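Biologist: Could you walk me through reading a helix and a strand in a model? I would like the general idea, then the case at hand.

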Amino acid sequence: MSGFPSQHHKQLLKESRLENDSNRQIKRRKRVLPEATETMNGTEVSGSYESEDSSDFEDVNLDSEQQEGWESDNPDEFDEVFFDTSDVTNGSDTQRFHDLDQVMTFKLDTTSKEQERKRKVKFISNDERVRRVSIHKMYIVLLLIHVATRNSWCNNKSVSKSLKQACVTRQISQLLNDDSGKDNVKSRRLLDAIKKLMDIYAGKYRITSQGLLRKDWNELSIVQDSEVVTKKKFATLVTNFRGNRDVAAQGFVSLLRGLGLNARLVVSLQPPDFTIIAENMSPKSKRKAENKKTDPTDLINPRRRKSTSNFEDSNHPVFWVEVWDKFAKHWISVDPIVKQKIEICSKRRPNSFEPPPGDERNQLLYVVAFDKLGRVRDVTRRYSVNYNARVIRKRIEFKSEDEKDWYESVLRSCQRNKSRSPTDIFEAKEFHERDLAEGMPNNMQAFKNHPLYAIESQLRQNEVIHPKDESSVCGTFRPKNTSVKLLPVYRRSCVQKLRSARAWYMRGRVLKIGVAALKSKERPGSEEEDVRLYAEYQTKLYIPPKIVEGKIPKNQYGNIDIYTDTMIPENGALIRIGEQKTMKMLQKAASLLEIDYAKAITSFDFTQRKKGTPNAKEGGIVIHQDNKEVLELALDHMIQEDEEERRAMVEMNALQNWRYFLLKVRLKQRLNKTHGIVDEGHSADASEKEIVADQALAGTSRDDLDDVANIPDDDFGGGFIVSDNEIADSGQDDENAADLKDDVGYIETSIERRTRGNSGHKESRDSEIDSDEADTELARSTHKHAGFSNSSSGSDEEFEADDDDDDESLEFEYESE
């Protein structure tokens, strides 16, 4: 700022001069008028006079080098001011002295205040993006299940009857039942009846809690202050006209269905936006998150759940109603609680059900309608004016074709009635007309990936416009705030995708002769030649070679490429692998029948691209068409044999387990009969004695054990303490000991057979063993068991007993089979 100081500044300067050091030298300067000052050859001539009492003089501190500025008593009231008395050079000494004596410059010091740095945007990681997509999809599924359940509750006849008695008047009944007049008159009566019914219903209903709303990613852990509604409580709330806004709309659907109208329950799903990839939050959102942050223990402890947060409701509904007007052939949208409005949505103007983009608690992304029979329909197109330009970008189906198929499959799974409604025809026609009526976007960003329109500058590297002439141009667009002229707008249907020759071959097409590449793409991290890209109109259908004399044509790797069904030879057949038909089984069946075949490569695995080239995946074998029926019969027979072998193996294992269990029971009964039943109180002492005996045996040498083994069994009584009475009855004990040895040998035989059966079952799962090799292995194991029994038994009687046991066990197994 330049020029003379104001009176306010003068007063401030005087106050600051008095507060400064009194020893500072202060000079008095006279104000010099411009016309009274002349300078000639360095000599100053002044015609003014000096007077201490004159108002033309003022006290000024000329020591500007030592005193940079001043500070007032209240530093927050004024900014720091600097005085600059430096010379202003204009080319002459006279002008320099004149400016020095007349000009006083003030500079405001703004460097003391820290400038706000620009906030750097931090993006979330790839794992976080995948997690958000998964949560977004989970929200959609759970909300659809919730709404489908509530829609079934709206068909309760007792609830509809009580609502009719409370809300339907005689005038409303006359409007609904009067069929006289033209269709437009009947349609007007229907609107009047719905309007009167809505006013009565809304007047009686009272909002007592909060319904569904949209949460940001940092608010998902916050528990909403709402009540749990069961089917019984739903009926109680609706009949008493109490509850949240969602229950109010659902109750109104039940009322309209009770009157015989075709009413649908419409919901605007509110999942978190997965397209938000910025990690930073706005200060406003951050403050809200901090204020509503809850303790994680509140989610677990039901007593502390009452200390939850209550979000601010949106001015737009989440649930509303659609009523079919059979006279005008269109749907009527009704909001009975929030805005209490009846509207027929326009095709070009925004409606009352679409919230603005800045609404934090309500975003119109997925609008789904449920009718009385359980049919589900996505009606987002009706309530969104800029559906193709803005809304579709935030939907999961815009992400990829697989996600689109997933969303459609979820809607089909929620349907209880798979039949088509007659109103679907009119609705499909309405949605097509709305797409045409939407028009072109009004900004450049909206043209990117637009489903109907495209601009050449926004095409991807693998896209091109064909044909590029007037037939593909549908209009022009002028960007805002730029000097660019009108840009031609092309139809999205004229945009062709470019692929390499290998990519077209994997889709069953080959390049035409003499075609030139439209674009080229560099290979990332490679010095090889660029990849040449071609359009679909530059390719033709691949015709595979025929099968001659039953010989399947193979490539250099001994396989055949079958990426699509059109790549199967003319007289060939593809036998695909499945859960029961494995590749080894197919090859074995073809080899047994002596049929020529070739492995079919159906796709490639690109998940391990970093480790090298992609892995080829085998999808089956290709054979001659005449051998298809024979091979399928052989496969069915092989599958049946495998099932029978598996079933027999399971039965054998079960029988062996039962046999082992029964032998244990027989042995326990015989021991109890011979030596008495052991009490449970002495079982702990017996186990301690067994542990002490094991420890004593662990410290005994092998020679000592051999000496103990040579002692006669009569001195030990078979390991039990022998009493005087038992010595007298030694003959009877010998018979019991022989029976006990028979049982032990029986158990050893069963254990060995059980082990053999388990090992055989394991080998059958790992590899296929021929029947001759299995019999040989069984004979070896039997011979080994006979030798073991011969060496372990002390007499010929025990050996014969073991043989008898083997015969009995084999006979038992034969009978069981």
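This is a predicted model: local features need pLDDT of at least 70, side-chain atom pairs count only at pLDDT 80 or more; totals for chains, interfaces and linings use all residues.

Biologist: How many helices and strands does the protein have?

Modeller: Helices (H or I, at least four residues) and strands (E, at least two) are DSSP runs, numbered from the N terminus. By that count there are 22 helices and 28 strands. Of the 817 residues, 32% are buried; buried means under 20% relative accessible area, exposed over 50%, and partly exposed in between, with a 1.4 Å probe and protein chains only.

Biologist: Which residues of helix 12 are buried?

Modeller: They are Thr423, Asp424, Glu427, Glu430, Phe431, Arg434, Ala437 and Glu438. These cover an arc of only 145° around the axis, so they lie on the same side of helix 12; the arc is taken from the directions from the helix axis to the C-beta atoms. On the other side of helix 12, Ile425, Lys429 and Leu436 are exposed.

Biologist: What covers the buried residues of helix 12?

Modeller: Look for contacts, meaning heavy atoms within 4.5 Å. The cover includes strand 10 (263-269), strand 11 (319-325), strand 12 (330-335), strand 15 (376-378) and helix 10 (380-383). Just after helix 12, Gly439 has a positive phi of about 80°.

Biologist: Now strand 10: how should I read its two faces?

Modeller: In a regular strand the side chains alternate between the two faces of the sheet. In strand 10, Ala263, Leu265, Val267 and Leu269 are buried on one side, and Arg264, Val266 and Ser268 are buried on the other. That makes 7 of its 7 residues buried.

Biologist: Which strands pair with strand 10?

Modeller: Two strands pair if DSSP finds at least two bridges between them. Strand 10 runs antiparallel to strand 11 over 5 bridges, with Leu265 opposite Val321. Another 5 bridges join strand 10 to strand 14 (residues 366-370), also antiparallel, and there Val267 faces Val368.

Technical notes: Residues are numbered from 1 along each chain as its sequence is written. Side-chain values use heavy atoms; hydrogens and water are left out.
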